[in-house]
Amino acid sequence: MNNLCISSLVVRTKPERLARVHDRINAIPEAEVYGEHEDGRLVVVLDTADNRKAADTITDIQKQPDILSATLIYQYDDKFVSQAEAMV
């Protein structure tokens, strides 16, 4: 069974670097920019196999040039839902 792990981030960059950062993030297979604001904020959604891959991808984004911050806002992992259902 495939695991579903969805994470959302707010990524900040300088406004003049927005297009460059947008393109770099969209080049990551597990990542997609879902929205951006001219002030340098981007909403990024990750679709990864598990929490470890999500954490590694967030770290990779944080280390990219021109990134001021990348903050995890939400994460869903159906592995934990399945475990909770098994306990009931």
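## Close-up views of a predicted fold

**A31 finds its bridge partner, L46, in β3.** Before looking further, note that this is a predicted model, in which local features need pLDDT of at least 70 and side-chain atom pairs count only at pLDDT 80 or more, while totals for chains, interfaces and linings use all residues. Residues are numbered from 1 along each chain as its sequence is written, and side-chain values use heavy atoms, leaving out hydrogens and water. Helices (H or I, at least four residues) and strands (E, at least two) are DSSP runs, numbered from the N terminus. Strands β2 and β3 pair in the antiparallel sense over five bridges; two strands pair if DSSP finds at least two bridges between them.

**Four strands make an open sheet.** Reading across, the order is β2-β3-β1-β4, with antiparallel pairing. Strands β2 and β4 stand at the edges with a single partner strand each, so one side of each has no neighbour in the sheet. On average, neighbouring strands are turned by 25° against each other, direction ignored. Helix α1 packs on this sheet and touches β1, β2, β3 and β4, its direction making about 150° with that of β2. Helix α2 lies across β1, β3 and β4 and runs at about 165° to β4. For these angles, axes are lines fitted to C-alpha atoms (for helices over the stretch in contact), and values run from 0 to 180 degrees between N-to-C directions.

Setting aside residues up to four places away in sequence, I61 touches L9, V11, I25, I28, L46, I67 and A70; contact here means heavy atoms within 4.5 Å. In soluble globular proteins, nonpolar side chains tend to be buried together.

**S7, in strand β1, reaches Q75 through a polar contact.** The S7 and Q75 side chains are joined at 3.0 Å. A polar contact is a pair of N or O atoms within 3.5 Å; within protein, one must be able to donate a hydrogen and the other to accept it, and residues adjacent in sequence count only if both atoms are side-chain atoms. With 1% relative accessibility, S7 counts as buried (under 20% relative accessible area; exposed is over 50%, partly exposed in between, with a 1.4 Å probe and protein chains only).

**D78 of helix α3 meets the backbone of L4.** A polar atom of the D78 side chain lies 2.8 Å from the backbone nitrogen of L4. D78 is buried, at a relative accessible area of 14%.

**D66 forms salt bridges with R17 and with R20.** In a salt bridge, a side-chain nitrogen of Lys or Arg lies within 4 Å of a carboxyl oxygen of Asp or Glu. The closest N and O atoms of D66 and R17 are 3.3 Å apart. D66 lies in the loop between α2 and β4 and R17 in the loop between β1 and α1, so this pair ties together parts 49 residues apart in sequence. For D66 and R20, the N to O distance is 3.7 Å. Since R20 lies in helix α1, that pair ties together parts 46 residues apart in sequence.
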